[in-house]
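Thanks for coming. I will take you through one structure today, starting with a pair of helices and ending with the ligand.

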Amino acid sequence: MSDETERPGAAAWVPEYDDREQGAAPGGGAAPEGGAAPEGGAAPEGGAAPAGDAAPASAPASVAALRAAAPACRGCELQQHATQVVFSAGAQTATLMLVGEQPGDREDLEGRPFVGPAGRLLADAVTKAGIDRGALYVTNAVKHFRFEERGPRRIHKTPAVGHVVACHPWLEAEVDAIAPQVILCLGATAARSVLGRTASVTRERGQLLQAPDVAARLGRDVKVLLTTHPSAVLRLRGEPTFDDAFAALVADLRLAASHLR
Ligand code: SF4
C-alpha cells in the first residue's frame, strides 16, 4: 500500500488483542506447524509446505502464542530490514477475518496492522457497511514490511510469491486459532495465501470461492470472498472513480458480513 500520505499517531480501529483474555502463558509461544524457523536464518528451501500438505493441528495455538512467537521468525529476509513484525488485531472470537497484503510504513513503525491511510479508509468502509468491529480479526498475508528506499522515503514493494509462501504457516495458524466463519481477502496477495493459487480481483470479487485446504483444516465449510485492497481505492482519491470504488468495497464488506451466521 502507498504510505506517502501517512501521518503519525493513527489509532487502532479494531480492538487491540487482549492476551489476558486468552489465558496465554507469559512469554509463551510456538512457531506454527510447518512454519518458519524461529531462529537463525532462512526458511526451508522452497518455502513452507504447500497449504494442502499441512496436517491438521491437533490443538491450534492461541493467537497470543502466535503473536509471542512471531518476532523470532527468520522465515524470510524481510525481517532483516523491517522495524518489527506486525501481527494482527482483533479478538480470538472474531467471526469475520480480513486478510490484507503486508504492513505498510506506518504499520511497520507502530507494530499494528491497518493503522495507515489505507487502514483508515478500510475502517471507514467497515463503518459504512455496518459491521461490528468487535466481530473482526485483521491480519496480513506477510507480516513484515517489504519496501525499497528512495532517499529518505521507504516505498512499498509488493511481496514476492516466495515471501507469501514463507509466511503462509503464520496465516494458516491464525485461521486455525480464529476458526472464522468468513474470510475476506483484500487483494490478490491475500487471496494467493488463503486460496493457495493465483486469483483475480476483477474476475472473482463478489463470488464465494473454494478454499478446500481451509475447510479441511477446520473440518467445516468456510466462506471465502475476495475484494480489492483498500490501498487500491485510496489511490483513486481525487479521481472521478473514487466514490464508485469505495462503494464497491463497502458492498463487498456487506456481502461478506451477510454470510455470517
Ligand atoms: S515476513 Fe513472515 S516469514 Fe518472513 S520473516 Fe516475517 S513473519 Fe517470518
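At what angle do the axes of helix α4 and helix α10 cross? Before the answer, two notes. This is a predicted model, where local features need pLDDT of at least 70 and side-chain atom pairs count only at pLDDT 80 or more, while totals for chains, interfaces and linings use all residues. Residues are numbered from 1 along each chain as its sequence is written.

The axes of α4, residues 117-128, and α10, residues 242-258, cross at roughly 60° and come within 9 Å. Axes here are lines fitted to C-alpha atoms, for helices over the stretch in contact, and angles run from 0 to 180 degrees between N-to-C directions. Helices (H or I, at least four residues) and strands (E, at least two) are DSSP runs, numbered from the N terminus. The two helices are therefore oblique to each other; under 35 degrees counts as roughly parallel, over 145 as roughly antiparallel, 65 to 115 as roughly perpendicular, and the rest as oblique. On the α4 side, the contact is made by Ala125, Val126 and Lys128, and on the α10 side by Phe246, Leu249, Val250 and Leu253. Contact means C-beta atoms, placed from the backbone, within 7 Å. By class, that contact has 6 nonpolar, no polar and 1 charged residues. Ala, Val, Leu, Ile, Met, Phe, Trp, Tyr, Cys and Pro count as nonpolar, Asp, Glu, Lys and Arg as charged, and the others, Gly among them, as polar.

Next, the sheet. It is open, with 5 strands in the order β1-β3-β2-β6-β7 and mixed pairing; strands pair if DSSP finds at least two bridges between them. The edge strands, β1 (89-90) and β7 (223-227), each pair on one side only. Strands β2 (96-100) and β3 (136-140) pair in the parallel sense over 5 bridges, and Gly100 has Asn140 of β3 as its bridge partner.

Helix α6, residues 188-195, lies across β2, β6 and β7, at about 140° to β6. Its axis and that of α5 (161-178) come within 9 Å and cross at roughly 55°. Val161, Val164, His168 and Leu171 of α5 meet Thr189, Arg192 and Ser193 of α6.

Last, the ligand. It is surrounded by 15 residues, the closest being Cys73, Gly75, Cys76, His144 and Cys167; a residue counts if its C-beta atom, placed from the backbone, lies within 6 Å. The shell has 10 nonpolar, 4 polar and 1 charged residues.

Conventions:
Contact = placed C-beta atoms within 7 Å.
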